[in-house]
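Please look over the structure shown here.

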Amino acid sequence: QKVRRRKLLEDQRKQRHQTIDDHRGILSYVQSQPRDGKKAPAYFNRFYANKIQLSEWLKEKPEDFDNWFIVPCPKGKRCLVVASDRTRAYTKAGKLLHTFRTSLEGGKYGKYVTVLDCIFHRNTYYVLDCLVYKNQEFINCEAAFRFFWLTSKFDEYDYTVIHRDNVLPLHLIPRFDCADEASLATSFETFPHWPDNFPTLDGFLFYHKEASYTYGSTPLVGWLFSYMLPEILGIEAIHPEYKKTPPDYTNAAAFMEAFDKRLMNKKYKNRRKEQMDVEDATSSLMDQQKQLELGKLDMDCEYDEESDQDEKVVT
């Protein structure tokens, strides 16, 4: 991981001096979309698929640990919140999660575009990172600057207050500087991180301060469950709640390997199920075609007045 991090940082520094980058362009894409409020948005938008920055296991304590941030991560659904005329949230796969009003720059009048990396939990959005804010792209900026910008904007305006133009609250997740001993202690000794332990803590994200925002997984963003902190980081001064391990836990390396295997099996089963659904649908169509050829199936559907009326009401 150390070698990959160093190489990736060098590549990102070079890219910051380039004017063209094939992996960017989210701002221009959003601006190119029609802003007709009467037209329902697509249920699935392939452009937003795989646009979220994902972490890797933090398998060892980085040598430059002072050059990292720690971000407590609540349990929930990861998504991109895109504010442009209306605000829409898309899952990691590009599926439309919500359409709603926010007071974000671009979320009400459509003059600007703002795109945030968030976690959704029970009608609340928890903000992790910033890709675009008020037509300014931050993907090529260092994490330290992105976090500074987000903090300043959430200090200027309280997006947690619900009102006519901000129907769901947006909370900025706190971030802690590993170079600051007091800040570091606060991150690991605070329990809960959210009132009444709602939402519950999922784990801790570790962001390298100099890292750009990367689509997909990157070694410059690490992940640990709280009970792995003493073993990986050598930090014992953590809240007792964070030391509680699962029943099958032996050590971090074994747990990470088993966890990855379970995840791969789950993905394989999901892909297999999708493939079987496609095969079933294809088989059904072939059966219908065969019946048509044999004259056993009428090509014209019977007119259903009630059904037609329902469709008119919906549209």
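Leu80 has Tyr90 in β4 as its bridge partner. This is a predicted model: local features need pLDDT of at least 70, side-chain atom pairs count only at pLDDT 80 or more, and totals for chains, interfaces and linings use all residues. Residues are numbered from 1 along each chain as its sequence is written, and side-chain values use heavy atoms, with hydrogens and water left out.

- Strands are DSSP runs of E with at least two residues, and helices are runs of H or I with at least four, numbered from the N terminus.
- Two strands pair if DSSP finds at least two bridges between them.
- β3 (residues 77-84) and β4 (residues 86-91) run antiparallel, joined by six bridges.
- One residue separates the strands in the β3 and β4 hairpin, where Asp85 takes a positive phi near 75°.
- β3 also pairs with β6 (residues 114-121), antiparallel, over seven bridges.
- Ala83 stands opposite Thr114 in β6.
- Seven of the eight β3 residues are buried, so the strand is largely enclosed by the rest of the structure.
- Buried means under 20% relative accessible area, exposed over 50%, and partly exposed in between (1.4 Å probe, protein chains only).

**Asp165**

- Asp165 sits in the loop between α3 (143-156) and β9 (170-172).
- Asp165 counts as buried because its relative accessibility is 18%.
- Leaving out residues up to four places away in sequence, Asp165 touches Arg101, Thr102, Ser103 and Lys108 (contact means heavy atoms within 4.5 Å).
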